Every structure is written in structure tokens, then in C-alpha cells.
Amino acid sequence: MSKYILPVSVFGTVFGAAALLKNHVTGGRCPSKATINGKTVVITGANTGIGKETARELAKRGGRIIMGCRDLEKCESAAKDIRGSTLNPNVYACHLDLASVKSIREFAERIKREERRVDVLINNAGVMRCPPGKTEDGFDVQFGVNHLGHFLLTNLLLDKLKESAPSRVINLSSLAHIVGKIDFEDLNWEKRKFDTKQAYCQSKLANVLFTRELAKRLQGTGVTVNAAHPGVVATELGRHTGLHQSQFSSSVLSPFFSMLVKSPELGAQPSVYLAVSEEMEGVTGRYYDVMNEKEPAARALDEEAARRLWEASSRLVGLEEKGQPDTSKPPAEVQSKAPQAAHEQGRGQRPAPAAGL
């Protein structure tokens with residue numbers, strides 16, 4: 001028996017060290033046990049991956065969950081799964097295509113019409129290193145979906161968020177923002193040779209700049225906004241990267257990647273933390289690497305670039321032309337949060353499908 005002791009001991013030590021390393025790298029679970037009964041959460045891209053697990057965790061905590069997804073059939077299936085696993089009936093699927101200004105406006109109008117409040121908006125959806133392509137409105141797909149779509153959606157829901165204050169906006173960014181550059185002369189890659197990696201990094205830098213500028217414009221409203229890098233997560237987001245498509249990477253590198261890559265459930269924890277943690281009350285304009293506040297890249301701290309990006313984004317999505325309110329001048333005090341009795345009676349009902357969604 002003694003000859004087996006050393007190998008077993010070594011194996012146990014290595015396995016234990018690996019487990020501790022992975023827990024350290026992935027960041028663990030949200031430490032807050034806060035519940036959100038009576039609160040409404042809107043999550044984009046919630047039919048799979050981080051978004052779905054974020055929706056599941058917040059449903060467990062008692063929230064009313066509105067899942068905005070491009071594929072409504074998959075979204076309905078995910079919502080049904082979450083309702084079943086959490087026993088929370090207030091989980092709903094809605095159509096939202098972030099590559100379409102028309103779809104975003106329809107989704108926002110539905111939320112404003114049917115929801116009494118929006119306490120948390122989680123801008124989770126995204127695409128990564130996809131082939132060259134344009135959105136319905138002619139934007140680069142990655143810049144359009146990852147930044148412009150969420151920029152427009154957030155602005156359209158600002159009044160509802162202010163009415164529900166204290167409320168929170170969470171933007172999912174990425175560590176990739178540190179190598180991103182904003183080319184104000186060619187935001188949609190119409191003049192340069194397309195580089196899918198740089199297009200992705202630009203969009204993730206835009207997420208952080210948007211977060212910081214929005215936080216500044218919302219001072220005094222009771223609405224906070226923060227950005228987070230969720231870590232390296234095993235989701236469908238990286239399907240265009242080519243990782244593990246070769247025999248070498250799948251057989252040799254996979255064991256090492258598995259040590260560093262977290263599950264979607266763990267990948268959701270930073271969003272959950274920013275959404276519910278008591279520690280985050282009143283905290284705004286910050287960037288989090290998993291659940292630890294970090295200073296973002298120098299380019300993300302450029303206030304002039306943040307202002308220029310806001311103005312350019314407003315023009316591109318037509319906020320100015322549509323007469324949207326100027327969010328750069330926050331009201332002197334938070335708007336009244338008096339309940340709407342008639343709407344309150346229907347809060348437990350599932351909203352009927354809206355035409356065209």
C-alpha cells in the first residue's frame with residue numbers, strides 16, 4: 001500500500017492546488033445574499049451564457065426578469081427553463097435585436113408602456129470577433145451591437161430608471177478594452193481594412209467610455225452605472241475566434257484553458273454583484289475586473305474622448321433628431337416614485353406579445 005501513498009498524495013496536492021487556482025482566477029460567487037423582491041431587471045442577450053445565468057440568479061433572488069433577445073424562440077425556452085428551476089413565474093421573454101434601431105425602439109417602448117419600473121438594466125449582449133458585416137442601419141456589427149445598441153437602449157429607458165431610483169445600469173465590457181482605440185474618423189470601418197480583433201476591442205473600450213460619461217451625466221438622479229469584465233467564460237461568444245478548432249489546441253491546450261476558463265454560472269457573478277450588492281449602493285462610474293474595482297486603461301479615462309463618443313453615438317442612432325431629453329443636465333432632485341395603482345394590479349401577469357416584436 002505504501003507505494004501508492006506518494007502518487008496519491010501528489011495527485012491530491014495538484015488537484016487541490018488546481019481547484020484553489022481556478023477559484024482565485026474565476027473570482028468565486030457573489031458574496032451578497034441580498035434579495036430583490038418587487039424589483040424589475042432588464043437583461044439583454046439573456047437566452048444563453050452569462051446572460052441566462054444572470055437572469056436565473058436574479059430570478060432566484062425574487063426579481064421580475066425581462067429577457068431581451070434576438071431569437072425569441074430560444075429566449076422563450078430559456079425563460080421557461082428559468083421559471084421551472086427557480087419557481088419564479090415572473091420571468092419573461094421579449095424580442096430585442098440590438099442590430100436594429102427599429103427593434104430597440106420598439107422594445108424600449110414596450111418596457112415603458114408595460115413595466116411600472118426598471119430597477120436594474122444589464123447591458124449583457126454582445127458579439128465577438130465576427131466576420132465583416134453591417135447592422136440593419138449600416139453600422140459595423142461589433143460597434144453597433146456591443147456599443148450603439150446598448151447606448152440607444154439605455155438612453156430610451158433613462159426616464160424609467162430615474163423614476164425607479166435608486167436604480168442601476170451595468171455594462172458588460174472586457175479586459176480587451178485595454179488595447180482598444182476609438183477612431184472617430186472611421187467608427188464603422190468604412191475607410192480602413194477591417195480588423196475583427198480591433199473592431200471588438202474598440203467596442204469594448206466604447207463600453208467603458210460610455211459608462212464613465214453616463215455616470216457623469218446622471219449625477220444627482222439616483223441612477224448609478226458601472227462596467228465589468230466578467231472574466232474568461234466558456235460561452236458561445238467566442239465561436240468566431242477559432243479557438244480549439246485545431247487538433248493541437250483541442251488536445252494539448254484545452255486542459256490548460258479549462259484551468260482558467262469559468263462556467264457561465266460563475267461568469268454571471270460580477271453582473272449579479274453589481275446588481276444587488278449593498279456595497280454598490282451609490283457607487284458609479286467605476287470599472288470592475290470580475291468583482292474587484294480596477295482602474296481601466298488610460299484611453300478609457302479620457303474625458304474628452306468620452307464626450308466625443310457620446311455626441312457621435314447620439315448622431316448615429318438618431319437621438320438628437322428624435323428629440324430625446326438632454327441627459328447632460330440632470331434634474332435637481334429624483335423624480336417622484338409614486339406607484340401607479342392600476343399598473344400595480346397587473347404586475348404578476350405576463351405581458352402580452354406586442355405587435356412586431
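I take a residue as buried under 20% relative accessible area, as exposed over 50%, and as partly exposed in between (1.4 Å probe, protein chains only).

**Entry 1: basis.** I note that this is a predicted model, in which local features need pLDDT of at least 70 and side-chain atom pairs count only at pLDDT 80 or more, while totals for chains, interfaces and linings use all residues. Residues are numbered from 1 along each chain as its sequence is written, and side-chain values use heavy atoms, with hydrogens and water left out.

**Entry 2: aromatic pairs.** I looked up rings of Phe, Tyr and Trp (its six-membered ring), which pair if their centres lie within 6.5 Å; planes under 30 degrees apart count as stacked, over 60 as edge-to-face and the rest as tilted. By this rule I find four aromatic pairs. One of them is W189 with F194, edge-to-face, at 5.7 Å centre to centre and 75° between the planes. W189 counts as buried because its relative accessibility is 11%.

I then turned to F210 and W310: their ring centres are 5.9 Å apart and their planes stand at 40°, so the pair is tilted. This pair links distant parts of the chain, 100 residues apart, with F210 in helix 7 (residues 196-217) and W310 in helix 11 (residues 303-317). Here helices (H or I, at least four residues) and strands (E, at least two) are DSSP runs, numbered from the N terminus. Both F210 and W310 are buried. Ring pairs join F151, F210 and W310 in a cluster.

**Entry 3: charges over rings.** I count a charge as over a ring if NZ of Lys or CZ of Arg is within 6 Å of the ring centre and within 35 degrees of the ring normal. R192 lies over the face of W189, 3.5 Å from the ring centre. The charged end of R308 sits over the ring of F184, at 4.1 Å from its centre.

**Entry 4: backbone.** I found a cis peptide bond between A165 and P166, with omega of about 5°. P166 is placed in the loop between helix 6 (158-163) and strand 5. W189 is not a glycine, yet has a positive phi of about 55°; W189 lies in the loop between strand 5 and helix 7. L87, also not a glycine, has a positive phi of about 60°. L87 belongs to the loop between helix 3 (72-86) and strand 3 (91-95). With a relative accessible area of 74%, L87 is exposed.
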